[in-house]
Structure formats: C-alpha cells, structure tokens
Amino acid sequence: GEKKLRSTIANALKVIDADLYVVLTGCTAEIVGDTVEEVVDEFREADKPVIFASTPGFKGNNYKGHEWVIDAIVDQLLEPAAAVEKGLVNLWVDVPYQDEFWLGNLRALEELLRAIGLTPNSIFGVQRGLQNIRRIPRAEFNLLISPWVGLENVKHMQAKFGTPYLHWPTLPIGAFETSKFLRAVADYAQLDRNKVEAFIQEREAYYYYYIERYADI
C-alpha cells in the first residue's frame, strides 16, 4: 500500500493541476497499519504542498472528519503570523455540501461582514483556496457559525496562533436574528455601533418592505 501511495502522489503532482493535495486515510489503511503519514512526509519539499489527515470511519463521522482536515491544514501548512491584520476575520460556517445552500449562506455572511466594516476570510468555494488559507494566522479573530462543528478547530487555532474566537451557534435567518447577530459581532470586534445600526435599519426596512408586499399578494 505504501509503495502504491508513493507513486500515486508522485504522479498526481505531475498530472493534476491543484494548489493543495490532501491524503486521507480510510478504515483499511488504518487497520493494516500503513505508515501513510511517513509516505506523505517524503513530499515535504514538493513544489505544491501535500498534507495528511487520519480519517478512518471507525474514529468518527463526516463532521469530525471535517474538523480533522482543518486541523491538518493548520498544523502542517501554517505558522503564527508576525502581525495581526486589523479587521480580518476567518469565517467558518457550514460543512461544504452537507447543506445544499452552504455556499450561498457563506457568501451572504461575507457580504454582511463587509458591510459593517470587516474583511471576511473563508477557504471554501470558488475563488477561495490556498491564498486564503495562508491568511488564517493573520486574522483578528475567528468567527464560527455552527452548533458545534468547528469548535475544536477554533480552540486549536487560539492555542497555536493566539487568535480569539466568537462562537455563534445558529445560522442567522430573518431580520431579527440577522440584526442580533450583527450587533454581537460588532460588539465583539469593537466596531462603530452607529454605522452598524444604520446598516441594520436600512436592511431591515428593505426586508420588511418585501414581507409586506408578499403579504398583500
């Protein structure tokens, strides 16, 4: 298995145009004891980064696997930053593809954060990727919007990079919940509350206008 994996990685680096290569283990490799991590370590000096994550099914489910891959990225690719970038926020939301609206949710939340004066940094979806991954240690804080998935990741990043985190356990849906969420983020980031309230009032008026028109119909 190790010989086959070695040749597979070497040839993948030649023929697959990617920015990051991640080797995941399944149950079989873990049970028979293949030293996957050692094989991956042989490619430490490759032109493109190759990392390893232990993800056998008997250790957990796909949600835990998501956390293990994020931790692998943090531990094997990133080092503490020399300085924090004011206003930069790492945004962690849905596990990709577990919610069919995950990408729309992520982009809408990014726009909300920009509107109140922050710079969101997310690593999933089109036009995101390694360049955003490299920015993770420079963030002012991590923002996790999830009941529990990802909580271990942001705690790990706090320990490794000293990056604090704000945990918001539910996806903000509707005017009331979204406004409450934005106020909480603004307070945590110590933003200008007047500007944030002006934006909230503008968007609430827009939201309720359409709710009322729909009710009329």
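Guide: Contact means heavy atoms within 4.5 Å. Helices (H or I, at least four residues) and strands (E, at least two) are DSSP runs, numbered from the N terminus. This is a predicted model, in which local features need pLDDT of at least 70, side-chain atom pairs count only at pLDDT 80 or more, and totals for chains, interfaces and linings use all residues. Residues are numbered from 1 along each chain as its sequence is written, and side-chain values use heavy atoms, with hydrogens and water left out.

Visitor: How many helices and strands does the protein chain have?

Guide: The protein chain has nine helices and six strands. Its C-alpha atoms fill a box of roughly 65 × 45 × 30 Å along the principal axes.

Visitor: What span should helix α1 have?

Guide: The expected span is 1.5 Å times one less than the number of residues. Helix α1 (residues 2-15) has 14 residues and should therefore span 20 Å; its end C-alpha atoms are 20 Å apart, in agreement.

Visitor: Which residues of α1 are buried?

Guide: Buried means under 20% relative accessible area, exposed over 50%, and partly exposed in between (1.4 Å probe, protein chains only). In α1, L5, I9 and A12 are buried. They lie on the same side of α1 because they cover an arc of only 65 degrees around the axis, the arc being that of the directions from the helix axis to the C-beta atoms. The face turned away from this buried side carries the exposed residues K3, K4, K14 and V15.

Visitor: What covers the buried residues of α1?

Guide: The cover includes β1 (21-24), α3 (36-41) and β2 (50-53). Across the protein chain, 41% of the 217 residues count as buried.
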